[in-house]
Amino acid sequence: MKINQKAAVVQAKEIVINAKAEKVWEILSDIDNWETWNHKIKHARVIGDSKAGSSFIWTTNGTKIKSKIHTYLPNEKLGWTGNTLGARAIHNWLFTPTGNGTKVCVEESMEGWIIDLMKNKMNKKLAEDMVYWLEQLKKECEK
C-alpha cells in the first residue's frame with residue numbers, strides 16, 4: 001500500500017544502520033517490544049500473530065491508535081494503516097542492504113479533519129518523531 005502523497009501531512013526519512021536487514025527486521029517487526037527501545041511508544045500489542053492482515057493497538061505521544069498491518073515481507077518491507085479520532089495514516093518501512101549495513105526508509109501520510117486543522121504542527125511533529133524512531137532503531141540494532 002502506498003502512502004497518500006496528496007494527504008495534508010506527508011513525511012519521509014531514512015538512515016543507514018550498521019546491522020544486517022535481518023536484525024533490523026527482527027527488532028522493528030517485534031511490535032510487542034517497541035516500547036523497550038522507543039520510549040514514545042506505550043502498550044503496543046499485536047492481536048494474534050504478526051503478519052499481513054493482523055491488527056495491533058498502541059499508544060504514541062499519548063494517542064491510542066488502532067492499526068492493521070498491510071505489508072509484511074521479512075527483511076524487506078513492513079507497513080500498516082492507523083486510525084484514531086479524526087485521523088487516518090499509512091505508514092511504511094523499507095529495508096535495503098548496503099555495503100556496511102541496511103538503509104532504512106520510513107514514510108507516512110496522515111489525513112482527516114483533525115489533521116487538516118493542525119497541518120503545519122502535525123507535519124513538524126511527524127518529521128521529528130520519524131527522526132527519533134530511526135535514531136532509536138539504529139541505537140537498538142547497533143548494540
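Biologist: How much space lies in the largest pocket?

Modeller: Rolling a probe the size of a water molecule over the atoms shows where empty space is left. Here the largest pocket holds about 640 Å³. A pocket is an open set of points on a 1 Å grid over the protein atoms alone, where a 1.4 Å probe fits, with protein on both sides within 12 Å along at least five of seven lines; lining residues have an atom within 4 Å of a point. The lining has 30 residues, and those closest to the pocket centre are Thr 60, Asn 61, Ile 65, Met 110 and Met 122. This is a predicted model, in which local features need pLDDT of at least 70 and side-chain atom pairs pLDDT 80 or more, while totals for chains, interfaces and linings use all residues. Residues are numbered from 1 along each chain as its sequence is written, and side-chain values use heavy atoms, without hydrogens and water.

Biologist: Which element supplies the largest share of that lining?

Modeller: Helix α4 does, with seven residues. By type, the lining comprises 15 nonpolar, nine polar (Gly counted here) and six charged (Asp, Glu, Lys and Arg) residues.

Biologist: Which residues have the most contacts inside the largest nonpolar core?

Modeller: In soluble globular proteins, nonpolar side chains tend to be buried together. In this core of 37 residues, they are Trp 34, Trp 58, Trp 93, Val 104 and Leu 137. Such a core joins buried residues (under 20% relative accessible area, 1.4 Å probe, protein chains only) through side-chain atoms within 4.5 Å. Again α4 gives the most, seven residues.

Key. Points joined across faces, edges and corners; volume = space filled by probe spheres on them. Helix = DSSP H or I, 4+ residues; strand = E, 2+ residues; numbered from the N terminus. Buried < 20%, exposed > 50% of the residue type's maximum accessible area, 1.4 Å probe, protein only.
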